[in-house]
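Reader: I would like to go through this model one question at a time. Please show it first.

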Amino acid sequence: MRKSYYRKLAFMVLLLTILFAYQKYTSREKASFPEVKFIMESSAPAGLSDFDPNILDKAQWQQLGFSEKQTSTILTYKEIIGGQFTSKEQLKKCYAISADKFTELEPYILLPATQTDTKSNHFKGFEKKSLIISGKFNPDQLSEDHWIQMGFSERQAEAILKYKKYLGGSFISKEKFKECFIISAENYSKLEPYLLLPVKTPGNFQNISKNTALKTKISYHPFDPNTLDAEGWMAIGFSEKQAHVIVNYRNRNLAGSFRTAEDLQKCFVISAEKFQELKPYIQIKEHVKQQEQTDFSKTNLNAITFKQLLEFGLDERSAGSIIGFRKKLGGFVNKQQILDTYNIDKELVQKLISICPLDASAVAKYSLADAPEDWLKNHPYFKYSADKIIFYRITYPDDKKIWKFLKLKPEYEERMKLYVK
């Protein structure tokens, strides 16, 4: 009896010990995982240089990597907001520019971060900091260190000098100096009495801008743009970044050569004004043009390539449709088949077939009785009747009887007979 009692007591003690240990284990605080941070390096496009989005045309936006539809959206948005982007913040709101794309372009955009009448976080400290002005000065003669000593940050001083360079190496007038987005209205009012500059911008400012200052330093000479490397482009007035953009544009977008002088103008880092300066000196060797040209009057429509169709002026969709349909048919038998191709520019294709000859001598043709089964099942004109043809010719290996049994519409039978012996 007593022995049984001690056994029960020992069992209860053991059970309580197990329950206590379990409670202690489950109530223990779980170690939190350390926060995981992913560090991603943002890489700016290698060939970009500073640009003002307000002066870019449709072709130049496309050179920046936007599609034709995105470019139209950006230009429409620009018109809606008054015809001019006033800040990076405003440009970013255009839905055609993704967040990733804006991050790539943002360092190169010549616009203030936010609207000029609001203080951006980036320059908030500057607005509160008082300026140290020792006396009258010509801002054209100040270095970056001078601007920093006056009370501007290093980055702000760099931006002021970049703006001066953008104007052509001189602030020109107090009027132009005031337009520098780094300098607030409050700080301009402090600086204005000390500025040794004309009050108004000269009427001939367009003639004395940045390119005029460079003309006296650059000695132009005849050159072939297909042989210039980056250093060669820098020698005629382009920055290092712009030079690399031009070389990359030539090698990647134009397969290594400019065919005409106007091809240079399509590169967005070459302004219209700069192009007019260079144009008299551009000399592209004739053989470069001749190597790229195709004599379409001697080009067989059954042998014309995708690249040659693009050269003629067709877009990729039209060219791809023609090449794809020709491959399925095994070759065109008449020119009307090309016009019947889906998704093509019919007006331009009509011009193409009026110039190019069509040689159908190599196109495969069979009788219904002996045509290969694979050919029947894959050919666009025969595949819907292939099983019937194969069935009927087992018993009646005669084309006339097979045509009779098929009972096709006249237009279907007519196009099938184009490929029948």
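Reader: Is Glu262 buried, partly exposed or exposed?

Author: This is a predicted model, in which local features need pLDDT of at least 70 and side-chain atom pairs count only at pLDDT 80 or more, while totals for chains, interfaces and linings use all residues. Residues are numbered from 1 along each chain as its sequence is written, and side-chain values use heavy atoms, with hydrogens and water left out. Buried means under 20% relative accessible area, exposed over 50%, and partly exposed in between (1.4 Å probe, protein chains only). Glu262 has 37% relative accessibility, so the class is partly exposed.

Reader: With which side chain does Glu262 meet in a salt bridge?

Author: A salt bridge is a side-chain nitrogen of Lys or Arg within 4 Å of a carboxyl oxygen of Asp or Glu. For Glu262 the N to O distance is 3.6 Å, and the partner is Lys279.

Reader: How many residues apart in sequence are the parts that this pair ties together?

Author: The side chains of Glu262 and Lys279 meet in a salt bridge. Glu262 lies in helix 14 (residues 262-265), and Lys279 lies in the loop between helix 15 (272-278) and helix 16 (286-292). Helices (H or I, at least four residues) and strands (E, at least two) are DSSP runs, numbered from the N terminus. The pair therefore ties together parts whose separation in sequence is 17 residues.

Reader: Is Asp263 buried or exposed?

Author: Asp263 meets Lys266 in a salt bridge at 3.8 Å, N to O. Lys266 is partly exposed because its relative accessibility is 46%. Asp263 has a relative accessible area of 9%, so it is buried.

Reader: Which side chain meets Lys200 in a salt bridge?

Author: Side chains of opposite charge can pair when their charged atoms come close. Lys200 is exposed, with a relative accessible area of 58%. Its N to O distance in the salt bridge is 3.6 Å, and the partner is Glu175.

Reader: Where does Glu175 lie, and how many residues apart in sequence are the parts tied together?

Author: Lys200 and Glu175 meet in a salt bridge. Lys200 lies in the loop between helix 10 (185-191) and helix 11 (210-215), and Glu175 lies in helix 9 (residues 174-178), so the parts tied together are apart in sequence by 25 residues.

Reader: How many disulfides does the structure hold?

Author: A disulfide is a pair of cysteine sulfur atoms within 2.5 Å. Cys94 is buried at 1% relative accessibility, and Cys267 is buried at 1% relative accessibility. The number of disulfides in the structure is 0.

Reader: What is the separation between the C-alpha atoms of Asn226 and Phe258?

Author: Asn226 lies in the loop between helix 11 and helix 12 (230-235). At 16% relative accessibility, Asn226 is buried. Asn226 and Phe258 are 32 residues apart along the chain, and their C-alpha atoms are separated by 6.2 Å.

Reader: In which helix is Met12 found?

Author: Met12 is partly exposed, with a relative accessible area of 44%. The helix that holds Met12 covers residues 2-27 and is helix 1.
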